[in-house]
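User: I have a structure open and would like to work through a few questions about it. Please keep the answers plain.

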Amino acid sequence: MLSEIAFYGAVETGLIYGLVAFAIYISFRVLDFPDLTVDGSFPLGAAVAGVMIINGWNPWLATAGAIMAGMAAGAVTAILNVKLKILNLLASILTMLALYSINLRIMGRPNIALLNEETVLSPWYDLDLAYHQVPVLLFSIVAFVSLILLWRFMKSETGLAMRATGANARMARAQGIATGAMIILGVAVSNGLVGLAGALFAQSQGAADVTMGVGVIVVGLASLIGGEAVITPTTVWRALLACIVGAIIYRLAIAFALNADALGLKAQDLNLITAVLVTLAIVLPDARSSLVSKLTRKKA
Amino acid sequence: MIRATDLRLTFGKGTPLENPALRGMSLTMAQGEFVTVIGSNGAGKSTFLNALAGEVLVDSGQIVVDNVDVTKLPTHKRAARVARVFQDPLAGTCEGLSIEENLALAIKRGQPRGLTSAVKKQYLGRFQESLSSLGLGLENRLTDKMGLLSGGQRQAVSLLMASLTPSSILLLDEHTAALDPKTAAFVLRLTTQIIEKQKLTALMVTHSMKQALEVGTRTVMLHQGKVAYDITGDERKGLEVKDLLALFEQQRGLEIDDDSLLLS
């Protein structure tokens, strides 16, 4: 069975990956822009926040710096696509590749430790809470605020224009929407969220590492698809909620899989489990609906 | 006033598929004129419409809309002056958005969009009023997804969206061609109603010669990328479909003559 600490740990990581799932909702679902920049902007956020923190910056300012760095990375991907006409997927791979070098440059070495530094979590440990509950509380607040802000944005005039851009670009242009600018804004916001997630992850884990971004896109996508299977995304609100719920369920599933002794899985099997879970998350909704249609056909 | 002067546009220049779509296309439309455009396939009807909308930029020539030179402007920068209904009923609306969200997109056509709520309470009365004029009961379905509507309903809403804010010209691109005859007649009737009521300047591309003569105030026939025939007023009233057909055949005959000259 899952220990209390493992449970809170899974929820904590789930909340961070919920932010990544928001980002992937914006790029994949709203803009129909398959963006792999994420694997680079996650460690970018961690690197920027980490370096700023060890240089004595306020951790919240460092986190804001990480958001801006992520937005810049996203803007580069979108500009490669919109202005230079490079295929969106390829544009994001190019940025991701470049970010590996940039992240090494920012940190000056492959990883930096933040164990004894002042982080956004530090003041919260003074609260009368168990050590492992603190990050869950803070990240819940961050995730909730992000959820509300994103929801309001998607309902705003600009947000609606962005949704129209992804759904029907020709119609959007005819309505006077600068679709190129919307793609740049959307992919920038998306990667800003990933930068935020990377910064929080580094601060809660106590380290930033250049390889920490590997597979983040897959985890985010798994959270998004899993969440959509649980909460049908009929409205923007439900779609955003599905991101958070999906990410937490995903992390809990991983934690259970690793903790179940009967399965004999070890930490190094994480990526294998991820791939299996993503496959299931993609296949199951289809399988379920075809099963339902088979059953209803039999009834008829 | 809309003035297109000597528009020229060649697709695939310098390739074996080089296709001169517009070859000196000129047309001046007065305020309040409703022009129907006909022509055989490849005559340049759609290209002309796309050039006016900004979806394609012409190689040479000039397009002036209400004294503003829009020749080099992309679609979204012309949108304040140019409204459009597409041929494909699915193209003019977003199926994933609700009816009120689609209308909210249209009510801000060509205007800057901010961070305030897109579907504002003060819009709803106007949305319901204009939707009820369609007589389809859509005024009670504001929050329904656009994708739930039939093609005809969606085309009617597209038309409504195009006329929700003032424009210098309304472009209709064979917007009844993809509908069944009964729905097509309904959408066409709605079109003429809206254009007359709001005194819009409109340009309608059509495949139907009957439609081209019955609707609007002026008919233009395109051939090989320019105006071949332009009739208005009393002369137009006396014209019948068979007269137009004769004109068509005359042109086709010329083409055949050209070919035979080439082959001999």
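User: At what angle do helix α2 and helix α4 of chain A pack?

Analyst: This is a predicted model. In chain A, helix α2 covers residues 38-54 and helix α4 covers residues 88-107. Their axes lie 9 Å apart, and the packing angle is about 15°.

User: Is α2(A) roughly parallel or roughly antiparallel to α4(A)?

Analyst: The angle between the two helices is about 15°. Angles under 35 degrees count as roughly parallel. Therefore α2(A) and α4(A) are roughly parallel.

User: Is the crossing of α2(A) with α4(A) left-handed or right-handed, and how do the residues of their contact divide into nonpolar, polar and charged?

Analyst: α2(A) passes α4(A) in a left-handed crossing. Among the residues making the contact are Leu44(A), Ala47(A) and Val51(A) from α2(A), and Leu99(A), Ile102(A) and Ile106(A) from α4(A). The residues of this contact divide into one charged, five polar and eleven nonpolar.

User: How many helices and strands does chain B have, and why does it count as compact as a globular protein of its length?

Analyst: Chain B has ten strands and nine helices. For 264 residues the globule rule gives 18 Å. Chain B counts as compact as a globular protein of that length because its radius of gyration is close to that value, at 20 Å.

User: What share of the residues of chain B count as buried?

Analyst: The C-alpha trace of chain B spans about 70 × 35 × 35 Å along its principal axes. A residue is buried if 20 or more other C-beta atoms lie within 10 Å of its own. Of the 264 residues of chain B, the share that counts as buried is 42%.

Conventions:
Residues numbered from 1 in each chain as written. Chains lettered and ligands numbered in written order. Predicted model: local features only at pLDDT ≥ 70, side-chain atom pairs only at ≥ 80, totals over all residues. Helix = DSSP H or I, 4+ residues; strand = E, 2+ residues; numbered from the N terminus. Rg over C-alpha atoms; globule rule 2.2 N^0.38 Å. Buried ≥ 20, exposed ≤ 12 C-beta atoms within 10 Å, placed from the backbone. Axes fitted to C-alpha atoms, helices over the stretch in contact; angles between N-to-C directions. Parallel < 35°, antiparallel > 145°, perpendicular 65-115°, else oblique. Left-handed = near helix turned anticlockwise from the far one by under 90°. Contact = placed C-beta atoms within 7 Å. Nonpolar A, V, L, I, M, F, W, Y, C, P; charged D, E, K, R; others polar.
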